[in-house]
Amino acid sequence: MTSHVLGDTRVLTGRSLTHILRSPDTIITTAVTPIALMLLFVYVLGGAINTGSDESYINYMLPGILLITVASGIAYTAYRLFLDMQGGIFERFQSMPIARSSVLWAHVLTSLVSNLVSVAIVIGVAFIMGFRTGASLGAWLGVAGILVLFTLALTWLAVVAGLSAKTVDGASAFSYPLIFLPFISSAFVPTDTMPAPVAWFAENQPVTSIVDTLRALFAQEPVGNEIWIALGWLVAILVGAYIWSVAIYRRKLS
């Protein structure tokens, strides 16, 4: 049974990835907005922002930019899933000997691959703009692990949106608050420069702990308790979104 699910997931993931390869504008568009933000903040606004440290502003802001990259990219997952639902693809698959769960996992894995490619592009541009890190291989693996977990958590939220949306605009618009969330965190400025109510929200929302963890890993600094808070948030969101999406999917097919 497990090999059947894995085989079906592999075939359907290949189908989705083929669509992206034929139309790479998805990856390009996902990377363009974060790169534009880097250019704006580093070359226009960065000189006026005091981060309270000696590190360059591109080093300070990159973790937040990477999260925005993923938040932008998962909108396409909800969009593609909605189109499959409306196009009757799921009904056709249902009449075939295909594991039901493989349909959702194919979209999730496609999102993971495409978003990681976009993240790699953004990091490459950041290096061109002056980003530097002495992070060890272990630290880079830690960064990759957190970004993978973040992508999976948000992708399952995108699955919920894609299955629940009534219109194609609604399927992709859900990501806007996720894109905005890093702006109310420690991603671009220290939280102690914010008004008290805003600072309280910024310090207690998931993005800040994730950003602080990534920043510490890049800077080869101790991550402290932030990594456990970040992992707690990510696992909770991932598990909750997965259970929610599976429940919706089963109701759609019943």
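Leaving aside its neighbours within four places in sequence, which residues is M38 in contact with? I will come back to that after some background.

What we have is a predicted model, in which local features need pLDDT of at least 70 and side-chain atom pairs count only at pLDDT 80 or more, while totals for chains, interfaces and linings use all residues. Residues are numbered from 1 along each chain as its sequence is written, and side-chain values use heavy atoms, with hydrogens and water left out.

The pLDDT, which is the predictor's confidence in each residue from 0 to 100, averages 85 over the protein, and 87% of the residues score at least 70. Confidence is lowest in helix α4, residues 89–94, with a mean of 60, and highest in helix α10, residues 206–218, at 95.

The protein has 11 helices and zero strands, where helices (H or I, at least four residues) and strands (E, at least two) are DSSP runs numbered from the N terminus. The unreviewed UniProt entry annotates "transmembrane region" at several spans, including 173–191 and 227–249, although such annotations may be inferred rather than shown by experiment. In the model, residues 227–249 are 100% helix, with end C-alpha atoms 32 Å apart, whereas residues 173–191 are 37% helix, with end C-alpha atoms 27 Å apart.

Now to M38, which, together with L62, touches the most other members of the largest nonpolar core, a set of 68 residues. Such a core consists of buried Ala, Val, Leu, Ile, Met, Phe, Trp, Tyr and Cys residues joined through side-chain atoms within 4.5 Å, and buried means under 20% relative accessible area, with exposed over 50% and partly exposed in between (1.4 Å probe, protein chains only). Helix α3 gives the most to this core, with 16 residues. As for the opening question, M38 is in contact (heavy atoms within 4.5 Å) with Y43, I58, M61, L62, I65, V122, V125, A126 and M129.

Finally, the aromatic rings: a search of the whole structure finds 11 aromatic pairs, meaning rings of Phe, Tyr and Trp (its six-membered ring) whose centres lie within 6.5 Å, with planes under 30 degrees apart counted as stacked, over 60 as edge-to-face and the rest as tilted. The rings of Y57 and Y60 have centres 6.1 Å apart and planes at 15 degrees, so this pair is stacked. Y57 is buried at 10% relative accessible area, and Y60 is buried at 6%. W105 and Y242 instead form a tilted pair, 6.3 Å centre to centre with 45 degrees between the planes, linking helix α5 to helix α11 across 137 residues.
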